[in-house]
Each structure stands twice: as C-alpha cells, then as structure tokens.
Amino acid sequence: MVDRAAPPPGITQELYQWFRAVDQDNSGSISARELQQALVNGNWSPFNQETCRLMIGMFDNNKDGTIDLYEFKALWDYIHQWKQCFDSFDLDRSGTIDVNELSKAFQSFGYRLSPNFCQIVISRFDRVGRGTINFDDFIQSCVMLKSLTDAFRSKDRQQTGMVTMYYEEFLTMVLDNTLLVHTN
C-alpha cells in the first residue's frame, strides 16, 4: 500500500499537501475550477477562471483538461515567477497594476507600445472598473500579448513591423491567440 502522506520523488512535502488540498475530488489531477478555488490575488479576490484555464492548458501535457502533480509543480513554479515579476512592477504596492506600471512592464519585456494601448489593455482586463488589473489578469494580458506578438512575427518575415494579410487570415490569427475574459 502506498503512503499517501509521503510525496513522490522530486516533490516537496509542502507542495504535495497543497496539491492534495486543491484536488478536491481526490482524482489525482486538478481542473481549472479546482485551481480557481485555490488561488487568490493579493487583494483576496479569486483568480479569473479564464486565467486558470489558460494556465492549466499551458501545463497539461496530455491535453485532458487537468494537471497531475508534476504538471502542478511546473505551474506552481510558473506562478511564483510571475508573482516576482508582478511585484517588481507594482511600484506603489497596491496589489494591482495601473496603466503606468503596465507600460513599464511592457517596455521591460521589449514592447514599444503607446500609453493608449496600455490603457486599452487595462480596460479590457479590469474586471471591477478600478482602472487597475489584478495579478491573475496581469498574467493573462502578458501571455495574450506574447501569443499575439508571436503570431504576428510569424507573418512578418522581414521583421519590419508590418504585414499584409487577408481579413479572414487576421481574424483567424486573433481568434487562435486571444482569450476571452469570463467573469464568473
């Protein structure tokens, strides 16, 4: 009989216990809904379900819609890296990112984007109308920006910052690479 209290190789006791607590149905895997119920932002608001779905999808190697313990470990490390990044741009320590902080973050990532664009991102991901975004929305907006940039660059073979494409090609690129924000 396997001792369920002992973590498997490469997994700390603390992470193993956290995984077991998040795995509410004891299935041995974690769904986006279970992950959402376990994660909170710095202001104690729950994570956006779409961000949880996105993160599960990024680490779900067998594409069954859930993550196992080892995938959870990789996700946990990923979240901690994003938290350090978020905290480095949350200059006023408000627990949220405003348009100026987001602009600085995008610049540090190598994007030259207008303040107007940064305001649009804030407006798109601000779920409560404060003019700021939470940690989970910061992750989602940054992942979306990178995904769209990668899709654009695949069409920009000369790296000029300009592409020519058919309208339906553009729509397909956007739909394949954007995430709808669901507020539940």
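Biologist: Hi! Which residues line the second largest pocket?
Modeller: In this predicted model, the lining consists of Trp18, Ala38, Leu39, Val40, Asn41, Gly42, Phe47, Trp76, Ile79, His80, Lys83 and Phe135.

Biologist: Which helix gives the most to that lining?
Modeller: That would be helix α4, residues 69-89, which contributes four residues to the second largest pocket.

Biologist: And how does the lining split by class?
Modeller: For the second largest pocket, there are eight nonpolar, three polar and one charged residues.

Biologist: What volume are we talking about for the second largest pocket?
Modeller: About 240 Å³. The largest pocket has about 320 Å³.

Biologist: Switching to helices: at what angle do α5 and α6 pack?
Modeller: Helix α5 (residues 99-108) and helix α6 (residues 115-125) pack at about 115°, and their axes are 9 Å apart. Angles of 65 to 115 degrees count as roughly perpendicular, so α5 is roughly perpendicular to α6.

Biologist: Is that crossing left-handed or right-handed?
Modeller: The crossing of α5 and α6 is right-handed.

Biologist: Which residues meet there?
Modeller: From α5, Val99, Leu102, Ser103 and Phe106 meet Pro115, Phe117, Cys118, Gln119, Val121 and Ile122 of α6.

Notes: Residues are numbered from 1 along each chain as its sequence is written. This is a predicted model: local features need pLDDT of at least 70, side-chain atom pairs count only at pLDDT 80 or more; totals for chains, interfaces and linings use all residues. Side-chain values use heavy atoms; hydrogens and water are left out. On a 1 Å grid over the protein atoms alone, a cavity is a set of points where a 1.4 Å probe fits but cannot get out, and a pocket is an open set with protein on both sides within 12 Å along at least five of seven lines; lining residues have an atom within 4 Å of a point. Grid points are joined across faces, edges and corners, and a volume is the space filled by probe spheres set on the points. Helices (H or I, at least four residues) and strands (E, at least two) are DSSP runs, numbered from the N terminus. Ala, Val, Leu, Ile, Met, Phe, Trp, Tyr, Cys and Pro count as nonpolar, Asp, Glu, Lys and Arg as charged, and the others, Gly among them, as polar. Axes are lines fitted to C-alpha atoms, for helices over the stretch in contact, and angles run from 0 to 180 degrees between N-to-C directions. Angles under 35 degrees count as roughly parallel, over 145 as roughly antiparallel, 65 to 115 as roughly perpendicular and the rest as oblique. A crossing is left-handed if the near helix is turned anticlockwise from the far one by less than a right angle, and right-handed if clockwise. Contact means heavy atoms within 4.5 Å.
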